Amino acid sequence: MSSHKPPAVDTQDFLARFAPFNMLDDRERARIQAGARPIHAARGELLLQQDDCPRGVYLVLSGRVKCFVLSPSGGEKIVNLGEPGGFFGEDAALLNRPHIVNAQAMCASELLLVPTVILRETMVSSPAFSVSMAMRLAMANYDLLATMQMQLQMSGTQRVAHYLTRLAPDDAERCEIRLDIDKQTIAAQLNLTPETLSRILSQLTREGMIQPRGRRGIVLSKLSELRSCAAH
C-alpha cells in the first residue's frame, strides 16, 4: 500500500463551498469539523465493505473514491464515483442499515467522516441544511434510476456513445476529450466487460466517429452521428 498522502485541505473553507454544508453558518460548520474524523486513504484502500454497519457520511475532500457492488463472478459494477465535493454512505447512515456497496480509494484521497449523530442533529437544527440534504438524496436516486433505465433499454454501443457525447459541448460537431478514468472503470460504470468496451470503441473508430489520441485522448470527429448512435 502506498504511503503517499494527498495534500491537506482547509476543511472549513471546503465545507463552506459544497452543498449541503454551505447552508450552515461558521459556528455550525466548526461543530461538524470538530466532531468529524479525517481519513487519509492510500490508493486501493477499502473504506467500507458491503454489510458493514454505518458510521456516518463520508465527504470526499480530495482524490476519487468508487462505490461498487460485485457480481457472483467477481466483476465490478460501479454505482457512484465520489469526487471532491461529493459524499457517500448517507443512505445507510440515515436508515441505520448495513451498507449495500463497497467503497475504495482510486488514488490517494482525503476524506472526512461525519458521524451519523452529528448529521442527524444538524438536519434537525438547520432546515436549510435538511432541505439541501433531501435534494441531494433525490438527485442520487434520480441518477441511479436513469442509469438503470440506460442499462436496461440501451445496447452496449448506445451506452458507450451516450457516455462519450456527454463529455462534449452540446453544440460541437468535433472535439477532443481526455478520459480522466481508466477504461476498466468506464466499463464497470456502463455495466460492460472491458473486452466489450474495447470492441465497441474499435467499431466506432472504424466507422469514423472517433479517433484515439494516445492513452486516454479521443477525438470525437462526428458528434452528430455519435449522438444519433446513442439515440437509436
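Visitor: What volume does the largest cavity have?

Guide: Rolling a probe the size of a water molecule over the atoms shows where empty space is left. A cavity is a set of points, on a 1 Å grid over the protein atoms alone, where a 1.4 Å probe fits but cannot get out. Grid points are joined across faces, edges and corners, and a volume is the space filled by probe spheres set on the points. The largest cavity here has a volume of about 50 Å³, and the count comes to one cavity of 30 Å³ or more. This is a predicted model, where local features need pLDDT of at least 70, side-chain atom pairs count only at pLDDT 80 or more, and totals for chains, interfaces and linings use all residues. Residues are numbered from 1 along each chain as its sequence is written, and side-chain values use heavy atoms, with hydrogens and water left out.

Visitor: Which helix gives the most to the lining of the largest cavity?

Guide: Lining residues have an atom within 4 Å of a point; helices are DSSP runs (H or I, at least four residues), numbered from the N terminus. H6 gives the most, with three residues. The lining includes Val160, Leu179, Lys183 and Ile218.

Visitor: At what angle do helix H2 and helix H4 pack?

Guide: Axes are lines fitted to C-alpha atoms, for helices over the stretch in contact, and angles run from 0 to 180 degrees between N-to-C directions. H2 (residues 26-35) and H4 (residues 116-125) pack at about 170°, with axes 11 Å apart. That makes H2 roughly antiparallel to H4 (over 145 degrees). In contact (heavy atoms within 4.5 Å), Glu28, Arg31, Ile32 and Gly35 in H2 meet Ile118, Glu121, Thr122 and Ser125 in H4.

Methods
On a 1 Å grid over the protein atoms alone, a cavity is a set of points where a 1.4 Å probe fits but cannot get out, and a pocket is an open set with protein on both sides within 12 Å along at least five of seven lines; lining residues have an atom within 4 Å of a point. Helices (H or I, at least four residues) and strands (E, at least two) are DSSP runs, numbered from the N terminus. Angles under 35 degrees count as roughly parallel, over 145 as roughly antiparallel, 65 to 115 as roughly perpendicular and the rest as oblique.
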